[in-house]
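Here is a short report for a reader who is new to this structure. Look over the sequence and the 3D view, then read on.

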Amino acid sequence: MKLLQRTTLYYLLYSLFIFGIGTILFYIFIKVILLDGIDEAIHQEKVQLVANLNYEKIGEGLQPSKDVLIMPAREAEVEKDKYKTIPIYDSLSKEYVDYRQLTSYHKNEANWYKVTIRQPLAEAESLLNSILPVEIGLFLILLGGVLLMNRFILAKIWQPFYVLLDKLKKYNLETTKIIPYESTDIIEFRDLNINVEKMTERIYKDFLTQKEFNENSSHEMQTPLAIIKNKLELIIQSKNLTEQEMIHIQSIFSAVKRLTLLNKGLLLLSKIENRQFTQKENVNLGELLQSIFNLLEEQINDKNISTEIEIKSKDKLLTNRVLIEGLFNNLVSNSIKHNVQNGKIMAELTDKHFIITNTGTQLNFPADEMFERFRKDSAVENSVGLGLSIVKKICDFLDYKIIYIHQDGLHTLVVNF
Amino acid sequence: MKVLIIEDEKELRYDMVSYLSQEGFLCESAKNYSEAIDKIGVYEYDCYVVDIMLPGGTGLDLVKAIKSQKHQGGIIIVSAKNSIEDKIVGLEIGSDDYLTKPFHLSELNARIKSIIRRRSFNGNNEIQFNEIRILPDSRQVYINGKEIALTAKEYDLLLFFIANKGRVIPKDSIAEHLWGDYMDQADSFDFIYTHIKNLRRKLVQQGAKDYLNTVYGIGYKFQSE
């Protein structure tokens, strides 16, 4: 719910409450005032009538209208004047109509008689009944007015806010970079705009620095690594090395190799982050996948893993070749690396998705940490722990969705193109 | 065979010169763009090893300069940037190969030899190592005039060994040569062993001498004595 809608809702609820109470009070007051007036009128009429009775005889012209009734009464019935509202059946309109009736007892000479004066309440009731529609009408006008005003406020006054919100939604460090300040005459929005500009500027600067640092440090590491590698190669040409020394050298070779792989992985990650793989071409995924399985054939055979590869994709996919190759390669390598002896790999490729399932041991960390950098299965040596984070980064960059499922000892990764 | 090594990093330059000199190459080196331009302007080499990022200019411009001088030598671009664009541009403007740092000296050596061979024999080349004769263009191997059948990996291995004959080749280098980065280090050593065993068996069965020596812990050495 929008902020304005919410505040309006509260305003309207309050007005509804006030209108409700107001209507009830109004109704009661009007009713009291009206009845008072009517009672006063019939009282006057009675006074007049009683005065007339003193010199006119009952029954002779003393039946002024059908609303006035004079009847003899016994002394025992005598009561004080009494006003009440009674429904009387009207044979003309065939319904009950409310009347205000005054019953009064008077003594003329020796005889008591009862005077009943009625007055129809129809007018008063129609007046009372018109209160509710009028109030409802007013409330509706208020509602309509408020809604119209909201529209105007949203369209005009809140405009800068929604413009900014839209920009923030579409904000992308790579393309938007900085959200520029836009002038507005509302102080809060102006402050907001100024600060958003400052903030995005700072974020963008940090981002650039970090990006540059990541890529540069990876590059700078290549040369010392190359020197170590080359020096080792020169050292091993020596004929005077002892066996122990050679074993040490081999360990250094391994360590350098690992550092190199790690560095290459980090470099690839920062290159993807730096959007250096934007070029797209039509890639035959089926051929690519098959070639990767062929390249890794020896590893597959070594663990005696059986493979079921189903390639059902017909069309070429418009994508970045380097990235999609990295994606497949990492996923297939992983399915071998984390597999068991005599295990199984099932791969399915269609135009819509790529699914790879492998047998393997239970993860020793939570599944949702799977795509984090340096998250690795400690049981697998030589893993630098970047494979799946590269996979994730590639999927994010290419806008593919990747899901991990673990069921019945099978690890499945699904990539939706 | 004259090789010009253009590399700004002193240690790397020294290592390359040192390794390649022992292979019998006449090595010269340049440490920056202008020095390289001077050397290219005066001499012609059989092979150029060009680093892309150089003080004073880019290696790609050097490749263009070499080409504009109509030099016939092969060109290998070396780069710390594993960038496809550089690779494509480099090959387009006339370089023959591309190596990403860090690389093994044995790999560089094998690539230089392969380029020089391709360029100097114009398709009519062959490699002779004692009783072993290789025709690289058709990937055929003969021992004492009799052809032997090798798998693709065994053939690559043999060629790599002969290019680096007499040198100790680390297992890593062999693994990278055969599989690039696709293979896990730990696994690849076992697979190397299998391929080497098969290659050795095939060679010896067909009457070749056993030239392959295992260097304990580190790798292998292919030598005639």
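What is the count of buried residues among the six residues of strand 6 (residues 306-311) of chain A? The count is zero, and the strand is hardly covered. Keep in mind that this is a predicted model.

Strand 6 of chain A does have a partner. It pairs with strand 8 (residues 344-349) of chain A. The pairing is parallel and runs over six bridges. One position shows it: A:Glu308 has A:Met346, in strand 8 of chain A, as its bridge partner.

**Chain B and the cores**

Chain B holds eight helices and 14 strands. It has 225 residues, and 41% of them count as buried. Among its contacts with a separation of 6 or more, 57% join residues 24 or more positions apart.

The largest nonpolar core has 34 residues. Those touching the most other members are B:Val3, B:Ile6, B:Tyr48, B:Val49 and B:Val50. Several elements of chain B each supply at least two residues of this core, including strand 1 (2-6), helix 1 (10-22), strand 3 (47-51) and helix 5 (105-121). Take B:Val3 as an example. Leaving out residues up to four places away in sequence, its contacts include B:Leu20, B:Phe25, B:Tyr45, B:Val49 and B:Ile112.

A second core is separate and has 30 residues. Among them are A:Leu266, A:Leu267, A:Phe354 and A:Leu388.

**Where the chains meet**

The contact takes 34 residues from chain A and 32 residues from chain B. On the chain A side, helix 5 (187-235), helix 6 (243-273), helix 8 (297-302) and helix 9 (321-337) each give at least two residues. That side of chain A divides into 13 nonpolar, 11 polar and 10 charged residues.

**Backbone exceptions**

Most residues other than glycine have a negative phi, and most peptide bonds are trans.

| Residue | Phi | Loop | Other C-beta atoms within 10 Å |
|---|---|---|---|
| B:Asn144 | about 50° | between strand 10 (140-143) and strand 11 (146-148) of chain B | 12 |

The cut-off for exposed is 12 or fewer.

There is also a cis peptide bond, from B:Lys101 to B:Pro102, with omega near -5°. B:Pro102 sits in the loop between strand 7 (97-100) and helix 5 of chain B.

Technical notes:
Residues are numbered from 1 along each chain as its sequence is written. Chains are lettered from A and ligands numbered from 1 in the order in which they are written. This is a predicted model: local features need pLDDT of at least 70, side-chain atom pairs count only at pLDDT 80 or more; totals for chains, interfaces and linings use all residues. Helices (H or I, at least four residues) and strands (E, at least two) are DSSP runs, numbered from the N terminus. A residue is buried if 20 or more other C-beta atoms lie within 10 Å of its own, exposed if 12 or fewer, and partly exposed in between; C-beta atoms are placed from the backbone. Two residues are in contact if their C-beta atoms, placed from the backbone, lie within 7 Å. A nonpolar core is a set of buried Ala, Val, Leu, Ile, Met, Phe, Trp, Tyr and Cys residues joined through C-beta atoms within 7 Å. Ala, Val, Leu, Ile, Met, Phe, Trp, Tyr, Cys and Pro count as nonpolar, Asp, Glu, Lys and Arg as charged, and the others, Gly among them, as polar. Two strands pair if DSSP finds at least two bridges between them.
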